[in-house]
Amino acid sequence: MTNTAPTRTNQKTTSRVTAAFARAKAEGRAAILPYVTSGWPELDDTERIVKGLVAGGADLIELGVPFSDPIADGPTIQRTSQRALDNGMTPDGALEIVRRLRASGIATPVLFMGYYNPVFAYGLDAFARACAEAGVDGLMIPDLPPEESDELLAACLDNGIHLVYFLAPTSTAERVEAVLQRANGFIYLISLTGVTGARDQLPTGLGDYVVRVRRHTQLPLAIGFGISKRDQVVVAEGLVDGVVCGTALLTDLELARPDELEERAAGFIRMLRGD
């Protein structure tokens with residue numbers, strides 16, 4: 001396969017994401033990447049939740065940009081996304097949240113997790129530029145095949161942010177190569193076939209899957225889908241550099257009163273870290 005993918009990099013933003021993984025590795029643990037839906041449970045709750053996640057020790061933040069037709073999200077994230085949309089959350093609203101977080105002194109890397117349609121409607125370069133100006137470090141677009149991503153990848157790299165790619169246990173050798181040609185920042189390994197959601201156990205064969213990818217790249221690998229508790233983090237951090245947790249965190253936050261969200265978020269991250 002001929003490599004025609006954009007390959008430019010930006011040292012400033014690369015260093016912020018890369019530094020987060022390097023710092024966790026130096027501490028002998030996997031980086032913790034919690035996911036929270038922008039504009040949920042209420043529009044002004046996201047900032048307090050993110051501050052709680054950071055206070056608890058989160059290394060990077062996945063900020064969900066809600067979309068009406070998600071294909072990768074399970075019932076919990078679907079529910080929180082619909083609530084956020086009902087609240088009036090938009091891509092511009094998510095950008096404003098990041099601006100306020102940066103203005104308040106939050107320096108933890110923030111990546112937007114969302115779908116391609118809103119990005120396309122916004123304009124690829126315009127959205128990448130707006131993200132960079134707001135303080136977003138990268139985009140994660142699960143419904144964008146790598147072979148069709150070069151225009152958005154170029155826009156991201158031109159504006160100094162990452163476009164993070166996904167691989168699944170069912171990814172073919174051709175798909176793995178397509179991702180490896182373009183990957184920057186880190187690679188998101190989906191742990192199983194199916195949608196997001198907490199599972200009691202990590203899937204069998206996870207180690208072989210990680211090794212299959214690892215032998216081709218030195219980029220950090222983060223694993224998501226199904227992570228919900230400390231013992232899973234312990235197993236995962238023996239394999240990968242980062243652990244993503246979304247559904248279990250949102251489920252826990254659903255039990256909190258509005259004035260408890262920040263501390264509840266911090267406590268959940270401490271649980272995942274074993275602190």
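Here is a tour of a few stops, from the strands to the helices and then to a pocket.

Before you start clicking, keep in mind that this is a predicted model.

**Stop 1: the barrel.** Colour the strands. Eight of them close into a barrel, in the order β1-β2-β3-β4-β5-β6-β7-β8, and the pairing is parallel. On average, neighbouring strands of this sheet are turned by 25° against each other, direction ignored.

**Stop 2: a helix across the strands.** Now pick residues 173-182. That's helix α8, and it lies across β5 (162-167) and β6 (187-190), running at about 160° to β5.

**Stop 3: two helices packed together.** Select α6 (residues 124-134) and α7 (residues 150-158), which pack at an angle of about 35° with their axes 8 Å apart. Which residues make the contact? On α6 they are Leu-124, Asp-125 and Ala-128, and on α7 they are Glu-151, Leu-152, Ala-155 and Cys-156. By class, that contact has five nonpolar, no polar and two charged residues. The crossing of α6 and α7 is right-handed.

**Stop 4: a pocket.** Finish at the second largest pocket, with a volume of about 250 Å³. Show Phe-21, Lys-25, Gln-218, Pro-220 and Asp-241, which lie nearest its centre among the 15 lining residues. The lining divides into seven nonpolar, four polar and four charged residues. Helix α1 (residues 11-26) gives the most to this lining, with five residues.

Terms used. Residues numbered from 1 in each chain as written. Predicted model: local features only at pLDDT ≥ 70, side-chain atom pairs only at ≥ 80, totals over all residues. Heavy atoms only, no water. Pairing = 2+ DSSP bridges. Helix = DSSP H or I, 4+ residues; strand = E, 2+ residues; numbered from the N terminus. Axes fitted to C-alpha atoms, helices over the stretch in contact; angles between N-to-C directions. Contact = heavy atoms within 4.5 Å. 1 Å grid on protein atoms, 1.4 Å probe; cavity = no way out; pocket = protein on both sides within 12 Å on 5 of 7 lines; lining within 4 Å. Points joined across faces, edges and corners; volume = space filled by probe spheres on them. Nonpolar A, V, L, I, M, F, W, Y, C, P; charged D, E, K, R; others polar. Left-handed = near helix turned anticlockwise from the far one by under 90°.
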